[in-house]
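The sequence and structure come first.

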Amino acid sequence: MFRLVNATGGYGKTTIIRDVSIAVMRGEVVALLGRNGVGKSTLMRFAIGSIPAMAGHVEIDGKLAPAAPERRARLGVGYVPQGRFVFPRMTVSENIAVAAAATGHDHRAAVTAALADFPMLRPKRDDLAGGLSGGQQQVLALARALATQPRILLLDEPTEGVQPSIIDEIAGILKRINAERGIAILVAEQDLDFCLSIAGRAYVMEKGRIRMEVDRDTLRADTALQQNLLGV
Amino acid sequence: MTLSQRLYRASAWLFPAIAVALALCLSFVMDPYLAFLGASWVIFGILGLSLDIVWGRGGFLSLGQTAFFGLGGYLGAIAAVNLAPVIGNTLLPTLPLAALFGGLCAGVLGALIFLARMGPLQATILSYTFTLLLWSLTQSLKFAVGKAVVGGDNGMSGIPGIVIGFGPHARALPPNGVFAVCVIVAALAYFATLALMRSTFGRVVDCIRLDIQKTELLGYDVRRVQVVNMAWAGAVAGLAGGLFALWSNYLNPSMFSVQEALLPPIHVLVGGLGTLAGPFVGALTIGGLSFWLGGGVAGGQTTLILGIVLVLLVLFLRNGILGAFDQLWRRFLPDPNAAARDAGEVRINVGDLDRIMREAEIQVGPAKTLSTDRVFKQFGGVIPVNNVSRSFAPGRPMALIGPNGAGKSSYLKTCVGVYQPEGGRVMIGDTDVTHAPIFRRVRLGMGVKNQKPQVFGALSVYDNLWTAAFARTRNKAKAADVAGRVLAMLGMTAQAAVEAQALSHGQQQWLDIGMVLCLAPRVVLLDEPAAGMTNEETRELSLLVRTLARHTTVVVVEHDMDFVRTLEGHVTVLHQGEVFTEGDIDSLRADERVLDIYLGRRQHV
Amino acid sequence: MAPDFLATVLLSSLSSAAILLIATIGLAVVFGLMGVINLAHGEFLMIGAYTALTVTQAGVPYVLSIPVAVAVTMAIGALVEVLVISRLYGRIFDTMLATWGISIAFYQLAVLTFGTVSPGIGMPQISVQIGAYSLAVYPLLMNGVALAMLGFVYLLMTRSVYGMKARASIQVPEMARAIGISSARVNTMTFALGCGLAGFAGAVLLPIVPATPSMGFAFVIKAFLTVVVAGPVTLTGSALAALGLGGGASVTASFLTSVAGDAFFFVATALLLWRYPLGISARWRRKL
């Protein structure tokens with residue numbers, strides 16, 4: 001239901017990703033693996049429309065996606081960026097409410113639902129998001145993306161700078177929303193175990209291109225491949 | 001080289017020289033009223049030049065130039081009023097004093113701004129506040145110095161005109177003569193500034209605008225250069241002010257007004273930012289336009305059109321008249337960056353590198369250790385560097401690895417001097433540099449290559465290397481020698497004249513490394529040097545690092561374990577701000593705990 | 001010193017601070033929230049004043065002329081945003097120069113349309129007696145107006161959906177778009193709001209500050225410095241900065257001269273910027 005076709009993009013004149021084609025099916029969880037600087041974040045930003053396409057395009061349900069990120073968001077593309085980027089001088093509730101309101105949903109109901117889904121945010125509901133810890137911000141960024149009621153969720157390095165207990169919690173949440181609501185997930189990660197625990201299939205990126213596509217079991221079994229791919 | 005190319009190269013002095021000659025010829029025949037107005041346009045051109053020095057070259061939009069202009073004018077006028085009856089000549093007492101005073105005030109204000117490391121907006125606002133403060137103060141400031149009476153908002157009248165003769169009977173020049181004198185003074189200011197901007201000082205000023213951090217990482221005392229540049233600009237503004245006092249015979253506080261403060265920026269923008277000659281073109285265009293539209297000196301009904309012109313300029317002609325002309329001309333010249341496309345691969349010649357490093361050792365002494373003793377750095381509740389004690393010595397590469405967020409780059413930034421630690425000590429050799437500014441550490445032998453390539457994009461490849469080499473050698477010939485050899489080693493001889501911004505990402509990385517080599521560093525710090533490099537480039541880099549490490553201390557912060565393995569060096573693993581473990585790479589790869597923290601291996605839900 | 005004199009000085013200084021704050025709030029929205037330096041802010045104030053004056057002269061009661069002034073300035077503001085400002089986001093100094101161009105063009109248009117002298121509409125002649133001094137009531141009323149404006153902007157920005165979208169668009173523009181906010185439209189609205197607030201200020205201050213083409217210059221500089229000193233927590237910061245700078249200048253002017261008052265304003269600004277390079281509110285944990 002969500003495809004990137006020959007995606008080529010970058011910043012200014014510099015091309016970072018070249019001819020990348022990937023697809024995520026309805027309700028599927030797919031990982032995007034690769035070392036630092038291979039272009040995973042650029043690919044994500046290409047997918048949401050934040051950087052202009054030098055070539056290639058994005059398809060949602062087989063139709064060409066509109067160029068503007070806000071219109072893609074309203075078509076059901078949810079995004080959790082690397083580094084979280086919560087709105088720092090807005091409260092936790094406002095961060096969730098504004099996302100719901102912007103995509104045309106009832107913002108009060110969205111806040112109630114999010115606080116029910118993420119008990120961790122409940123005591124912090126009226127605190128400024130900028131004052132939360134890294135892990136709490138990550139959960140808030142996830143809650144904010146879910147408030148737009150997406151059909152596919154793009155997550156960029158959700159475990160970066162997050163303490164292990166919260167990483168486990170995030171993995172649990174992602175599994176749950178995928179199973180219960182059928183939301184498809186594309187997650188860019190360096191944390192291999194995190195990916196193996198949630199994704200059924202993975203693309204491996206190298207130098208701005210997709211180098212291979214593997215399923216979970218192959219990747220889990222092959223330690224040499226793990227070391228080779230991730231430079232461990 | 002074609003005629004067009006020769007002309008282009010000489011354009012900065014040739015065309016202004018022709019313009020000056022033409023203006024001087026015209027001054028004999030032109031209408032006196034036009035000469036009177038023309039002199040004011042030339043004076044505003046000098047004022048615009050002063051702004052172009054700090055803004056176009058220095059990168060700081062100063063709204064204080066009219067303040068230095070006014071201060072120079074007032075002091076110059078006081079001198080003129082008192083000394084004219086005695087010596088006759090008004091230029092000699094007025095102009096040097098006005099320039100000196102303008103320069104002094106600008107230097108003090110610049111020191112306040114740059115030594116406090118203010119942000120660009122705050123700096124602009126502070127300079128504006130300074131001007132406005134003078135505006136309100138001069139409204140009521142009434143005092144007399146000798147015969148000169150400064151009369152608050154009544155202004156200061158009775159200032160003598162331009163007198164070039166000597167003795168009590170010397171007479172003021174007529175308008176045409178005044179115009180000629182203004183043109184000559186403007187020419188002197190312009191050519192002196194041009195010479196300064198083409199000297200090594202001007203090179204450093206340009207580098208600061210392009211990348212202030214890199215400039216300091218080459219060992220230049222950037223804040224001192226900024227203050228001196230500001231003082232020079234202030235002196236030029238003061239000079240214009242002194243000339244203005246003699247031209248108008250009357251000064252009042254409106255020199256410091258809001259409207260006046262914004263005139264130099266418009267002149268500079270219309271003419272072309274950073275061109276030095278542009279402000280004259282701008283002042284002449286705006287002045288001529290006002291005159292043609294019938295407004296005369298005061299502007300009058302033309303304000304509306306000027307406002308609209310300014311908006312259109314900002315929207316559509318960002319480089320001003322000279323900038324647009326420059327772009328047009330360059331289209332007809334051969335592209336200096338064409339050579340960038342045929343750049344070959346970098347091949348590190350170990351013999352050459354060994355020779356360069358041995359010579360460096362003879363010139364600047366043996367390698368130094370870099371050590372930290374319980375350094376501690378905290379941001380709010382996060383402690384990225386927690387009591388790290390390490391000592392790095394020459395012999396073999398020292399690698400620092402660790403997962404994301406382990407504190408590697410914070411530790412490196414503490415060593416470099418970007419962060420000031422809350423506790424502990426940082427030493428280069430036997431010198432405690434814990435609180436030393438960055439450039440001082442560089443002068444002690446530190447060479448730093450940050451993760452992203454830091455090159456001066458608008459300078460040629462050769463000039464980038466030369467600027468780095470000159471920072472150490474302080475000798476043009478020696479710098480040229482060092483730069484030439486590093487250029488050859490990088491295999492970029494054919495690209496010497498290419499602008500650094502036209503190079504590919506990988507080539508910029510190599511140029512950046514070349515600049516660090518030009519410093520002949522005694523301690524080298526490399527932050528993720530292999531990021532974004534191809535496999536072949538990574539291999540060459542590894543060879544370079546290993547060769548370097550035989551001569552100096554080399555610390556490499558890396559993410560890429562493959563690359564670290566090829567270095568065959570000592571590895572320190574950081575985790576959560578602390579030293580986790582250390583050893584050679586093979587023992588670490590066998591260590592399950594390291595794999596755990598690196599891979600984030602745990603049992604998941 | 002006589003207590004009645006002291007009370008008079010304090011009250012009138014408070015009013016001066018309130019007047020500064022009224023003139024500043026629109027700029028606080030545009031500069032503080034959007035990061036746009038709008039040097040034409042003073043001219044929007046002037047347009048508001050002239051609109052109110054023209055409408056009043058046409059026979060409409062003064063109170064009803066105020067909403068007209070707000071509507072006119074908002075419309076012009078939206079037009080300026082779409083035509084000029086929207087092309088210059090992220091280029092702070094270019095925006096500054098472009099808005100300066102707009103400022104002098106509007107100034108000249110006002111000179112051409114209204115001439116340099118306009119009749120005032122006269123302040124309501126009600127005053128209160130404090131000891132031996134009498135104080136006009138209308139300026140005192142401005143304290144209430146300033147508080148009402150602060151409250152209105154605060155509630156609009158914190159309680160309404162538009163306010164949340166506006167703040168989100170300004171804090172992290174890329175993310176705002178990624179969650180479905182049409183930032184371009186929201187920014188036009190926010191800029192128009194700031195201009196409308198300036199128009200409101202011009203209209204409501206009309207009895208105190210008569211409409212002249214150059215009235216904008218008098219306000220914009222101090223308003224601008226107030227907002228820069230205020231820093232990121234725009235609204236609260238501006239209120240505090242206006243109270244300190246405007247009130248302080250007014251007290252200084254009462255005891256010394258008006259020039260000393262101005263000097264106080266500028267010196268205090270310079271010192272505060274030196275001490276707090278990012279504004280006095282840089283470390284506050286507040287929304288607005």
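## Terms and model

Two residues are in contact if their C-beta atoms, placed from the backbone, lie within 7 Å. This is a predicted model, in which local features need pLDDT of at least 70 and side-chain atom pairs count only at pLDDT 80 or more, while totals for chains, interfaces and linings use all residues. Residues are numbered from 1 along each chain as its sequence is written, and chains are lettered from A and ligands numbered from 1 in the order in which they are written.

## Chain C against chain B

Chain C puts 30 residues into its contact with chain B, and chain B puts in 28 residues. On the chain C side, α4 (92–114), α9 (215–230) and α11 (258–275) each give two or more residues. Helices here are DSSP runs (H or I, at least four residues), numbered from the N terminus. The most comes from α4(C), with 13 residues.

By class, the side of chain C that touches chain B has 23 nonpolar, 4 polar and 3 charged residues. Nonpolar covers Ala, Val, Leu, Ile, Met, Phe, Trp, Tyr, Cys and Pro; charged covers Asp, Glu, Lys and Arg; the others, Gly among them, are polar.

## Domains of chain B

Chain B is split into domain 1 (3–257) and domain 2 (350–599), with bounds from an automatic or database domain assignment. Their C-alpha centres are 44 Å apart. The contact between them takes 13 residues from domain 1 and 15 residues from domain 2.

On the domain 1 side of this contact, α7 (200–210) and α8 (212–217) of chain B each supply at least two residues. α7(B) gives the most, with 4 residues. That side of domain 1 consists of 6 nonpolar, 2 polar and 5 charged residues.
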